[in-house]
Amino acid sequence: MAEKSRLLSKAQAFSDMGLDETARPVWSCAASYEERIAPLLDVIGRDAEAALHRVSAAGCFAKSGDLSRAVNLYRAALAGPLSHTARADVERELST
């Protein structure tokens with residue numbers, strides 16, 4: 001979790017500086033961490049948290065340019081228990 005958070009911060013910092021090409025692989029790496037964390041949370045019964053990690057992974061993959069993986073993870077997140085707000089956000093992302 002700490003490494004994932006570090007990568008998210010680093011990718012966001014690069015993006016904030018306008019260094020999108022530098023940020024893309026970092027977004028992808030952070031997404032991979034999020035993608036691996038979600039099923040671990042499922043196993044211990046933390047389904048809502050797992051769904052949010054899938055949403056985060058999807059957003060990171062979208063920022064990295066890997067839209068097909070982003071769409072797959074957004075769809076997987078919709079199968080989990082999301083709040084109405086989070087569900088609306090995911091559905092909006094899928095419609096764009």
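Predicted model: local features only at pLDDT ≥ 70, side-chain atom pairs only at ≥ 80, totals over all residues.
**Stop 1: H1 and H2**

Select residues 2-16 for helix H1 and residues 20-43 for helix H2. Helices here are DSSP runs (H or I, at least four residues), numbered from the N terminus. Their axes lie 8 Å apart, at an angle of about 155°; axes are lines fitted to C-alpha atoms over the stretch in contact, and angles run from 0 to 180 degrees between N-to-C directions. H1 and H2 are therefore roughly antiparallel (an angle over 145 degrees). Their crossing is left-handed, meaning that the near helix is turned anticlockwise from the far one by less than a right angle.

Now show the side chains where the two helices meet: among them are Leu7, Leu8, Ala11 and Phe14 in H1, and Val26, Trp27, Ala30 and Tyr33 in H2. The residues of this contact (heavy atoms within 4.5 Å) divide into 11 nonpolar, three polar and five charged. Ala, Val, Leu, Ile, Met, Phe, Trp, Tyr, Cys and Pro count as nonpolar, Asp, Glu, Lys and Arg as charged, and the others, Gly among them, as polar.

**Stop 2: Leu8**

Stay in H1 and pick Leu8. Not counting residues up to four places away in sequence, Leu8 touches Trp27, Ala30, Glu34 and Cys60.

**Stop 3: H3 and H4**

Next, select residues 47-64 (H3) and 67-78 (H4), which pack at about 165° with axes 8 Å apart. H3 and H4 are therefore roughly antiparallel too, and their crossing is left-handed. Look for Val55, Ala58 and Phe61 of H3, and Leu67, Leu73 and Tyr74 of H4, among the contact residues. By class, this contact has 12 nonpolar, one polar and two charged residues.

**Stop 4: the core**

Which residues have the most contacts inside the largest nonpolar core? They are Val26, Trp27, Cys60, Phe61, Leu73, Tyr74 and Leu82, in a core of 20 residues. Such a core is a set of buried (under 20% relative accessible area, 1.4 Å probe, protein chains only) Ala, Val, Leu, Ile, Met, Phe, Trp, Tyr and Cys residues joined through side-chain atoms within 4.5 Å. H1, H2, H3, H4 and helix H5 (84-95) each supply at least two of its residues.

Finish on Leu82: leaving aside neighbours within four places in sequence, Leu82 is in contact with Ala51, Leu52, Val55, Ala77, Arg87 and Val90.

Technical notes. Residues numbered from 1 in each chain as written. Heavy atoms only, no water. Parallel < 35°, antiparallel > 145°, perpendicular 65-115°, else oblique. Buried < 20%, exposed > 50% of the residue type's maximum accessible area, 1.4 Å probe, protein only.
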